[in-house]
Each structure stands twice: as C-alpha cells, then as structure tokens.
Amino acid sequence: IIGFDSFAPLMGLWGGDTNQDQDVQKLFNEVFHPLRNAGHCVVFLDHVPKNTKNNGFAIGSQNKKAQVDLALRVDLDAHGTHSIYVLQSRVII
C-alpha cells in the first residue's frame, strides 16, 4: 500500500494546481496510475472544504473522482462515531 496525504502537497511537487483538470490528469498519469498498474494499492487523502453543502466532493475533485477506482468519505459525528460512505466504486467491495 502506498499512501499520499494529501493531494495538494503532492500536486505542488509537480508544479500543478489542484483546480486545473490538466494538472490533475498529469499527476494521475505520471504517479498514481503507474503505481497502480505495477500492482500497488495506491491511497490518497483529499479533504473536503470545512463549510460545504456537498459532503461528497472535495474542491476541484471532479477529475480526481473520475480517475479513481474507489472513492470513500469518512464522517465523524458529534458523538465521536465514524461513518464510511462509498461515493464511487469500480471494484467489488
């Protein structure tokens, strides 16, 4: 398992902008997909905005979500209970 936390600092190493689809695509093509295609489990964390009405997506995430095999959201409620939601799955889980 290879983990990246979070997307924005990694994007910065490539000189890209997380809100630019071409930059997001380049990072997937040059980093994530080659690792996945080599047989590694690649996990990256992307944080949702603090004040959002859409809990399913982080800022600039449409292209990121389009590239991943599995997208999950983890919520923590006021009682300390965590809930995990599958936002997208191209795999059998």
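This is a predicted model: local features need pLDDT of at least 70, side-chain atom pairs count only at pLDDT 80 or more; totals for chains, interfaces and linings use all residues.

Q: Fine. How many helices and strands does the protein chain have?

A: Three helices and four strands.

Q: And what pattern do they follow along the sequence?

A: The protein chain reads β-α-α-β-α-β-β.

Q: What share of the residues is buried?

A: Buried residues account for 26% of the 93 in the protein chain.

Q: Switching to rings. How many aromatic pairs turn up in the whole structure?

A: Seven. One of them is Phe-7 with Phe-28, a tilted pair. Their centres are 6.1 Å apart, with 35 degrees between the planes.

Q: Where do Phe-7 and Phe-28 sit?

A: Phe-7 is in helix H1, residues 7–13. Phe-28 is in helix H2, residues 21–37.

Q: Is Phe-7 buried or exposed?

A: Buried, because its relative accessible area is 1%, and the cut-off for buried is under 20%. Phe-28 also counts as buried, at 2% relative accessibility.

Q: How is Phe-7 arranged against Phe-44?

A: As another aromatic pair, again tilted. The centre-to-centre distance is 5.0 Å and the planes are 50 degrees apart.

Q: Which parts of the chain does that pair of Phe-7 and Phe-44 tie together?

A: Phe-7 lies in helix H1 and Phe-44 in strand S2, residues 42–45, so the pair ties together parts 37 residues apart in sequence. Phe-44 is buried, as is Phe-7.

Q: Which residues form the aromatic cluster?

A: Phe-4, Phe-7, Phe-28, Phe-32 and Phe-44 form one cluster.

Q: Now the core. How many residues are in the largest nonpolar core?

A: Twelve. Phe-4, Phe-7, Phe-28, Phe-32 and Phe-44 are among them. Others include Leu-10, Met-11, Val-24, Leu-27, Val-31, Val-68 and Ala-71.

Q: Which elements give two or more residues to this core?

A: H1 and H2. H2 gives the most, with five residues.

Q: Last one. Beyond its neighbours within four places in sequence, what is Met-11 in contact with?

A: Gly-16, Asp-17, Thr-18, Asp-23, Val-24 and Leu-27. Of these, Val-24 and Leu-27 also belong to the largest nonpolar core, along with Met-11.

Technical notes
Residues are numbered from 1 along each chain as its sequence is written. Side-chain values use heavy atoms; hydrogens and water are left out. Buried means under 20% relative accessible area, exposed over 50%, partly exposed in between (1.4 Å probe, protein chains only). Rings of Phe, Tyr and Trp (its six-membered ring) pair if their centres lie within 6.5 Å; planes under 30 degrees apart count as stacked, over 60 as edge-to-face and the rest as tilted. A nonpolar core is a set of buried Ala, Val, Leu, Ile, Met, Phe, Trp, Tyr and Cys residues joined through side-chain atoms within 4.5 Å. Contact means heavy atoms within 4.5 Å.
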